[in-house]
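This report covers the salt bridges and a nonpolar surface patch of one protein model. The sequence and structure come first.

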Amino acid sequence: AMAHVVHWMPAFIVRQLIRPARPPKTSDDNILRAGVLRCLQRQTEMMKERVILPELLDLLPPDDPDAIRARDEMLQVNALMGNHRWIERMICRHRERGWGITELGAGDGALSLRLLASGCCPASSLHAFDVAPQPPHWPEAAHWTRGDILKQALPETEIVVANLFLHQFTGEELLLMGSRLSSVARLGVAS
């Protein structure tokens, strides 16, 4: 079984949820607070029943202008959220020398390439998995598997990474994916 599973939640959200409420100063404060509370209640209700829609990038050819734009936008989203930096820090903090890495839903390979550049593992120990074809700038020694993650075996690596990817699967699909993890998997990092 996996020894560590790390998941990212924005710290500012946690701070907002646990910060003690100050007494309202005006009736406008009361109206605003009530509106925020109603919004949070609606979001909580919506989260009880997940609606899973196909990802745009999974429906378009890789060279489609909308797909290219979406991948560029994902790089911006990841930069703003700090996902790649956070995943890199977690891997560097928890990994052991010699551990290989598999990135699920690798997309354009940007996160995997960052992990290589930071020395998290050698190219020969890096595996990426996506429905998209291998990017042209992918290192020759690194591994790329193209296909449906639910229909193929996952690589034998100690670290499994998923960035903005797991949300597109049902609970049953996530269980299936988890059952296909390698017996050597020791660390899972997801954002």
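## Salt bridges and a surface patch

Arg 69 and Asp 66 both lie in helix α4, three residues apart, about one turn of the helix. Helices here are DSSP runs (H or I, at least four residues), numbered from the N terminus, while strands are E runs of at least two residues. The model is predicted, with pLDDT of at least 70 needed for local features and 80 or more for side-chain atom pairs, whereas totals for chains, interfaces and linings use all residues. Residues are numbered from 1 along each chain as its sequence is written, and side-chain values use heavy atoms, with hydrogens and water left out.

The side chains of Arg 69 and Asp 66 form a salt bridge at 2.1 Å, N to O. The term stands for a side-chain nitrogen of Lys or Arg within 4 Å of a carboxyl oxygen of Asp or Glu.

| Pair | Distance, N to O |
|---|---|
| Arg 69 and Asp 66 | 2.1 Å |
| Glu 88 and Arg 114 | 2.5 Å |
| Lys 151 and Asp 148 | 4.0 Å |

How exposed are the partners? A residue is buried under 20% relative accessible area, exposed over 50%, and partly exposed in between (1.4 Å probe, protein chains only). Arg 69 counts as partly exposed because its relative accessible area is 44%, and Asp 66 is partly exposed at 37%.

The side chains of Glu 88 and Arg 114 also meet in a salt bridge. This pair links distant parts of the chain: Glu 88 is in helix α5 (residues 83-94) and Arg 114 in helix α6 (residues 110-117), 26 residues apart. Glu 88 is buried, with a relative accessible area of 16%, whereas Arg 114 is partly exposed at 33%.

In the pair of Lys 151 and Asp 148, Lys 151 is exposed at 67% relative accessible area, and Asp 148 is partly exposed at 30%.

Helix α4 (residues 65-81) also gives the most to a nonpolar patch, with four residues. The patch on the surface consists of Leu 57, Met 74, Val 77, Leu 80 and Met 81, with about 420 Å² of accessible area together. Patches are made of residues with over 30% relative accessible area and no salt bridge; like charges are joined within 9 Å, and nonpolar side chains (Val, Leu, Ile, Met, Phe, Trp, Tyr) within 5 Å. Accessible areas come from the Shrake-Rupley method with a 1.4 Å probe, and for residues only the protein chains shown count as cover. Val 77 lies in helix α4 and is partly exposed, with a relative accessible area of 32%.
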